Amino acid sequence: MMILKLVLGLALIWFILTFLLVIHEYGHAWVMRRLGMRVDKVVIGAGPLLFATAQEEIRLLPFIGMAISDDYAKASVRDRAIAAAAGPASSLLLGLLLLLANWIVPSWATLIAAKGSFLLAAINMIPLPPFDGFTVVEAFLARRGVQINEGQRRQLFTIGIGTMVVLTLVL
C-alpha cells in the first residue's frame, strides 16, 4: 500500500510539473502566433520521448520546455521580448488562478501547483541565457544601444545560476 501511494504521489507531481510547463510554453506559442511568428514545435520536458505529434513533444523529465520557431530569430527585438515575457506571464496568471482555486477548495496539490507556477515564472525572468528574462533585458538594452558580448553572457549565466539556487531554496 505504501509503494502504491508513493507511485501515485510521484505521478501526481509529474502531471503537475508537466501541466505547469504546458501552460508556460503555450503562453509563448500563443503570443508568438499573435505576433505573426509560425510556431514549429512545442517541446515539454527532456529525456525519453513519451508522446509526439508533428507540432508537440512530451518527454519524461518535465524540467525544461521550448516553443520553437524559425521566425523567432527573424522577429524584431521588441517582438522577441514580448514573446519571451508571455511564458512567465502565463505562469504568473496560472499561479494566481490556482491560489484562488485553493482558497475556494483547499488542496495540497493545488497549493503545490500554485507555488510551482510562481517559481517557474520567477526563474524564467532571471536575466541569464537561455531563460526568458535574458531576452527581455537584452531587448531593453538593445533599444538603448547596449550590446552584450560573450564574456558578459558568461558572467550573467554564473550570476543567474546562483540566483536560481537562492530562489529555489527560498520559494
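Student: Why is Phe15 called exposed?

Tutor: In this predicted model, Phe15 has a relative accessible area of 54%. The cut-off for exposed is over 50%, so Phe15 is classed as exposed.

Student: What makes Trp14 partly exposed?

Tutor: The relative accessible area of Trp14 is 22%. Buried requires under 20% and exposed requires over 50%; the value for Trp14 lies in between, and Trp14 is therefore partly exposed.

Student: Why do Trp14 and Phe15 count as an aromatic pair, and what makes the pair edge-to-face?

Tutor: The count comes to 1 aromatic pair. In the pair of Trp14 and Phe15 the rings are 5.0 Å apart, centre to centre, and the limit is within 6.5 Å, so the two rings pair. Their planes make an angle of 85 degrees; an angle over 60 counts as edge-to-face, and therefore that term applies to Trp14 and Phe15.

Student: How do you know that Thr110 is buried?

Tutor: Thr110 has a relative accessible area of 18%.

Student: How do you know that the span of α4 agrees with its number of residues?

Tutor: At 1.5 Å a residue, the 17 residues of α4 should span 24 Å. The end C-alpha atoms of α4 are 24 Å apart, so the two values agree.

Student: How many cavities of 30 Å³ or more does the structure hold, and which residues line the largest cavity?

Tutor: There is 1 cavity of 30 Å³ or more, and the largest cavity holds about 30 Å³ of space. Its lining consists of Tyr26, Arg33, Val39, Asp40, Lys41, Val42, Gln55 and Glu56. Both α1 (2-34) and β1 (41-52) supply at least two residues of this lining.

Student: How do the lining residues of the largest cavity divide into nonpolar, polar and charged?

Tutor: The lining of the largest cavity has 3 nonpolar, 1 polar and 4 charged residues. Asp, Glu, Lys and Arg count as charged, so Arg33, Asp40, Lys41 and Glu56 fall in that class.

Notes
Residues are numbered from 1 along each chain as its sequence is written. This is a predicted model: local features need pLDDT of at least 70, side-chain atom pairs count only at pLDDT 80 or more; totals for chains, interfaces and linings use all residues. Side-chain values use heavy atoms; hydrogens and water are left out. Buried means under 20% relative accessible area, exposed over 50%, partly exposed in between (1.4 Å probe, protein chains only). On a 1 Å grid over the protein atoms alone, a cavity is a set of points where a 1.4 Å probe fits but cannot get out, and a pocket is an open set with protein on both sides within 12 Å along at least five of seven lines; lining residues have an atom within 4 Å of a point. Grid points are joined across faces, edges and corners, and a volume is the space filled by probe spheres set on the points. Helices (H or I, at least four residues) and strands (E, at least two) are DSSP runs, numbered from the N terminus. Rings of Phe, Tyr and Trp (its six-membered ring) pair if their centres lie within 6.5 Å; planes under 30 degrees apart count as stacked, over 60 as edge-to-face and the rest as tilted. The expected span of a helix is 1.5 Å times one less than its number of residues.
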